[in-house]
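Dear colleague,

Please find the structure below, handed over for your records. The findings follow directly after it.

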Amino acid sequence: AGGENFDMVIFGGVGDLATRKLLPALYYLNRDGHFLSHSRVIACGRSGLAREAFQAHAEQACRRYVRAADLDDSALQSFLQRLDYVRVDAAEKSHFEALAETLNRQDPDRTRVYFLATRPDLFASLCENMSAAGLNTAASRVVLEKPLGTDLASANEINCRVGAVFAEEQIFRIDHYLGKETVQNLMALRFGNALFEPLWRRTNISDVQITVAEQVGVEGRADYYDSTGAMRDMVQNHLLQLLCMFAMEPPCSNEANAVRDEKLKVLRALKPLVGQAALSHTVRGQYRAGAINGQAVPGYLDEDGVATDSSTETYALIKAHVDTWRWAGVPFYLRSGKRLAERRAEIVVNFRPVPLNIFSKDMGSLPVNRMVIRLHPDEGVRLNVLAKQPGPAMRLKPVSLHLDFASTFKVRPLDAYERLLTEVIRGNLTLFMRNDELEAAWRWVDPIIAAWQDSGEPPRSYNAGSWGPSSAVSLLARDGMVWHEEV
Ligand code: BG6
C-alpha cells in the first residue's frame with residue numbers, strides 16, 4: 001500500500017469484527033508505514049458516539065488485540081488521530097449525507113474503501129443509500145464480510161442489489177482464510193515448484209483431508225451462530241476456498257480473474273450431494289459438556305443465547321468429490337468444528353502406497369507418504385517420507401522434511417486482515433471471491449442443509465475436547481481411511 005491517501009469507512013465500526021480484527025490490523029498498517037499522512041479511518045455505527053469516545057474504544061481494542069510488544073505509544077497516537085466516527089443507521093438516508101460531508105472535507109477523488117462489517121441483510125440497503133448520497137465515486141471500493149447471505153437465493157439478491165450500485169471490479173468479498181500466509185504459500189508451493197505438479201492428481205493421491213478445528217465455543221456470538229451453524233459459518237466459505245486453492249488447475253497468471261476462473265471450475269465440478277446422498281456423505285455434530293485443556297466447559301445447549309432445543313450443528317464433515325479428470329474418485333474430507341481437541345487447521349494429502357514392498361514382502365504395505373500443509377499452529381509444510389533407520393538391519397522409518405515458516409523467514413507474519421486490507425487499498429482482487437464463485441458454493445451447500453433439515457434427525461453429539469462424533473471416524477473407515485490424528 002502506501003503511495004496515496006485513502007479513506008476507509010467501516011460500517012459496523014464498533015462491532016465484533018471491527019474491534020477484534022480491523023482496528024488492530026489498521027494499527028499495524030499505520031505503524032508499518034502503509035498510510036500516507038492524510039489517510040483516514042471513519043467508523044460508522046448506529047449509536048451516537050463522539051469522536052473521542054470512539055478513539056477511546058479503538059485504543060482499548062488495540063491494547064487488547066495487538067501484541068504488547070508491537071504496541072508503542074507514538075504509533076498508537078498517530079493511529080488514533082486518523083480516526084473519526086459518524087453515526088449511520090442503515091435505514092436513515094440523512095445519515096449518509098452527513099457521512100458524505102465528512103468524506104468530502106478531504107479530496108473526494110481519493111481511494112475510498114467502504115468495509116461492510118455488518119449483518120449481511122444490511123449490505124444491499126447500505127449500498128443503495130450510499131449510492132443515493134453520491135458516495136460511490138470512481139475510486140470507491142466496497143468490502144463485503146462473510147457470510148454473504150444464508151443460501152443461494154439470499155446471496156444472489158445481495159449480489160444483484162450491490163451489483164446495481166458497484167461494478168464487480170469494485171466489490172471485494174472477503175474470506176479471511178485467503179489472507180492467511182499458508183494459503184498463499186499453497187500457490188507458491190504448487191506453481192513455483194516443478195516438483196509437485198506431476199504428483200498432484202488422482203494417480204498419486206489417495207485422499208485429502210481438510211480440517212479446521214477450533215477449541216473455542218460460540219464466544220458470545222450465539223445470536224449469529226445459532227441461526228448459522230458450522231456449514232454456513234465455515235464450510236461454505238473457508239473450507240471450500242481451501243479446497244479450491246488446493247484442487248484448481250494451474251491458472252494462466254496470478255491475475256484475479258485467471259485465478260478465480262480456475263477456482264470457479266472446482267466449485268462447479270463438486271459432485272452434488274442431494275437427499276440420501278447428502279446424508280450418507282456427511283456427519284453433523286453438536287458438542288455437549290466436556291473439557292478443553294483440562295478446563296470443564298458447558299455443552300452447546302447450555303451456552304448463553306442458544307435455544308435449549310437447538311439443532312444447529314457445531315461440527316460438520318463432508319466427503320466431497322471434485323469430478324474432473326484430475327480428481328475423479330479421490331475423496332476430499334472436509335471437516336470443521338468448535339470445541340474440538342485442538343486448534344488446528346491443515347490440509348493433509350495422503351499419497352498412494354508403493355506398488356510393492358521389497359523390504360519385507362510378507363509384511364504388507366509400507367506407511368504412505370503424506371504432506372501436511374499447516375495453517376495453524378506452527379505454519380508450514382511437512383512431507384513425510386520413509387528413510388532407513390541407522391543400523392545393521394534394513395528398517396524403514398517415517399521421518400519428516402519440514403519447512404517451518406516462522407524459523408525459515410523470521411518475520412512477523414501478517415494477520416489475514418492486514419494482508420487483505422492492503423490488497424483492497426491496492427485494488428487487487430486476486431484474494432477475493434467473485435459473485436459467481438460465491439453462488440456456486442451456495443449451490444452445492446444448499447441441498448446438503450436441506451437434506452439435514454428434511455431428515456428431522458438431530459445432530460450427533462460429541463464431547464467438548466474430543467475430535468467430534470464417532471461417526472466421523474466410521475465414515476472414513478468405510479472407505480478404508482483414517483484421520484490424520486489417528487495415525
Ligand atoms: C470466522 C468464523 O469466519 O472464522 C468463526 O465466523 C471462526 O466462527 C473464525 O471462529 C476462525 O478463524 P481463524 O482465523 O481463527 O481460524
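Helices here are DSSP runs (H or I) of at least four residues, strands are runs (E) of at least two, and both are numbered from the N terminus. This is a predicted model, in which local features need pLDDT of at least 70 and side-chain atom pairs count only at pLDDT 80 or more, while totals for chains, interfaces and linings use all residues. Residues are numbered from 1 along each chain as its sequence is written, and side-chain values use heavy atoms, with hydrogens and water left out.

The ligand site

A side-chain N or O atom of Lys146 is 2.7 Å from an oxygen atom of the ligand. For His176, the corresponding distance from a side-chain N or O atom to a ligand oxygen is 2.8 Å. His238 places a polar side-chain atom 2.7 Å from an oxygen atom of the ligand. Of the 400 Å² of accessible area that the ligand has on its own, the protein covers 85%; such areas come from the Shrake-Rupley method with a 1.4 Å probe, and for residues only the protein chains shown count as cover.

Salt bridges

Side chains of opposite charge can pair when their charged atoms come close. With a salt bridge defined as a side-chain nitrogen of Lys or Arg within 4 Å of a carboxyl oxygen of Asp or Glu, the count comes to 33. One of them links Asp233 with Lys146, the closest N and O atoms being 3.2 Å apart. Asp233 lies in helix H9 and Lys146 in the loop between strand E5 (140-144) and H6, so this pair ties together parts that are 87 residues apart in sequence. Both Asp233 and Lys146 are buried, where buried means under 20% relative accessible area, exposed over 50%, and partly exposed in between (1.4 Å probe, protein chains only).

Arg326 and Glu249 also form a salt bridge, at 2.8 Å from N to O. Arg326 is buried at 7% relative accessibility, whereas Glu249 is partly exposed at 32%.

A further salt bridge joins Arg426 and Glu423, at 2.9 Å from N to O. Both residues lie in helix H13, three residues apart, about one turn of the helix. Arg426 is exposed at 52% relative accessibility, while Glu423 is buried at 7%.

Loop positions

Ile358 lies in the loop between strand E13 (344-351) and strand E14 (370-376), and is exposed at 56% relative accessible area. Leu429, in the loop between helix H13 (416-426) and helix H14 (435-455), is buried at 9%.

With kind regards

Technical notes: A polar contact is a pair of N or O atoms within 3.5 Å; within protein, one must be able to donate a hydrogen and the other to accept it, and residues adjacent in sequence count only if both atoms are side-chain atoms.
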